[in-house]
Amino acid sequence: MPFEITAITASADKVVINPSKPSEEALTVSWPAFSNAMIAYKIILANGEQKDSVAVAAGAISKRFTQGELNAILVENLKMTANVESKLDITVLGLIPSKMLSTTSKTISIQVVPGPVGAAYASLWVVGDATPNGWNIDNPNAMKKDPTNAFQFKFNEVLNAGDFKIPVATGNWGTDFFMPLTNHPKLSETAVQLVPGGNPDYKWNIASAGAYKILLNISASPFIRIKPFTPYKQIWLVGDAVPSGWTIDNPTPMVPTAGNPYEFTYTGALKVGEFKIPTATGSWDGDFFMPPTNGEGTTGKDAIIIAEGKVDNKWKITEAGTYKITFNQLYETISIVKN
């Protein structure tokens with residue numbers, strides 16, 4: 001079979017973005033399968049002279065865009081206007097780097113209506129004596145944008161007993177803040193508001209020092225979740241890339257790092273194949289750490305936790321060898337390095 005992409009398809013001829021449901025599917029772009037799993041793909045999205053490229057895992061035959069992901073590309077990168085129908089051109093580029101071969105599909109076009117980005121800030125921070133950097137508005141601790149949802153930000157950290165709030169900019173106490181609806185609400189309460197100028201000065205309070213995971217959603221239906229985090233005492237690797245294979249009863253254990261209850265490592269052989277990280281053995285319905293997108297390679301740094309195996313993303317190893325995997329369950333980060 002010649003190395004060419006004969007046709008690509010889009011799951012819809014017209015997409016109207018719903019920014020209130022950023023994690024739902026907006027569009028899937030698909031193309032013919034090839035037996036060579038070493039083919040890397042990029043999807044080129046264009047609106048006139050404005051272009052953006054989205055990398056896709058090697059060997060993939062489709063790319064699913066969520067409402068939040070696609071809307072961020074349309075508005076922020078392609079400079080489309082919210083609530084105005086525009087044409088989106090889609091092209092798939094295929095690459096075999098080892099053979100210096102490439103191919104480009106024909107371009108297809110659909111109509112899109114971006115949604116308003118609302119309070120979708122590119123960066124947010126956490127400030128307060130509960131945080132490592134304290135009440136330092138010039139250098140507050142940065143939140144991390146959720147890799148699966150452009151409207152969500154995470155802050156996973158060991159916190160002190162004390163207060164915090166969430167500024168939208170640094171260097172100015174008069175900036176806007178995300179705050180609770182009342183001062184010092186119960187941490188189980190999820191309501192959040194954007195307060196212009198930070199007045200009234202409501203704050204969340206951490207009564208017991210320890211590790212916490214904070215998730216802030218700033219979509220049209222904003223919420224916050226603040227939960228203490230108890231680290232797993234043991235985690236494993238499972239998949240055809242690891243020595244134990246696809247056996248959930250006896251997966252390959254990772255080694256805890258002495259003095260750090262959140263970090264685990266694995267050093268050893270990996271085969272060409274896939275893997276994910278279970279938090280328990282004996283059932284595929286348990287919780288798993290996995291990459292934000294299925295088929296992600298060794299360069300990604302993010303890991304997400306999925307309850308009860310409801311999503312089945314895996315990391316993909318394309319070259320057998322000896323690797324060191326370093327995984328942090330608090331910060332939800334992973335490093336996969338071939339020795």
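Which residues lie nearest the centre of the second largest pocket? Select K144, K154, F155, N156 and Y331, which are the ones nearest the centre among the 13 residues of its lining. (A pocket here is an open set of points on a 1 Å grid over the protein atoms alone, where a 1.4 Å probe fits, with protein on both sides within 12 Å along at least five of seven lines; lining residues have an atom within 4 Å of a point.)

Before going on, note that this is a predicted model, where local features need pLDDT of at least 70 and side-chain atom pairs count only at pLDDT 80 or more, while totals for chains, interfaces and linings use all residues. Residues are numbered from 1 along each chain as its sequence is written, and side-chain values use heavy atoms, with hydrogens and water left out.

Still at the pocket, colour strand β13, residues 152-159: with four residues, β13 gives the most to the lining. (Strands are DSSP runs of E, at least two residues; helices are runs of H or I, at least four; both are numbered from the N terminus.) The pocket holds about 160 Å³ of space, and its lining divides into seven nonpolar, one polar and five charged residues.

Next, click K145, in strand β12 (residues 144-145). K145 is partly exposed, at 29% relative accessible area. (Buried is under 20%, exposed over 50%, partly exposed in between, with a 1.4 Å probe and protein chains only.) Show its contacts, meaning heavy atoms within 4.5 Å: leaving aside neighbours within four places in sequence, they are Y121, A122, A150, Q152 and F153.

Now jump to helix α1, residues 67-77, where eight of the eleven residues are buried. Among them are L70, I73, L74 and V75. After α1 comes K79, with a positive phi near 60 degrees.

Select residues 234-329 next. UniProt lists this span, in an unreviewed entry, as "domain: Outer membrane protein SusF/SusE-like C-terminal". The span is 0% helix and 42% strand, and its end C-alpha atoms lie 11 Å apart.

Finally, zoom out. The chain has one helix and 31 strands, and its C-alpha atoms fill a box of roughly 65 × 55 × 35 Å along the principal axes. Of the 339 residues, 45% count as buried.

Technical notes:
Grid points are joined across faces, edges and corners, and a volume is the space filled by probe spheres set on the points. Ala, Val, Leu, Ile, Met, Phe, Trp, Tyr, Cys and Pro count as nonpolar, Asp, Glu, Lys and Arg as charged, and the others, Gly among them, as polar. UniProt positions are given in the numbering used here, feature names are shortened, and annotations may be inferred rather than shown by experiment.
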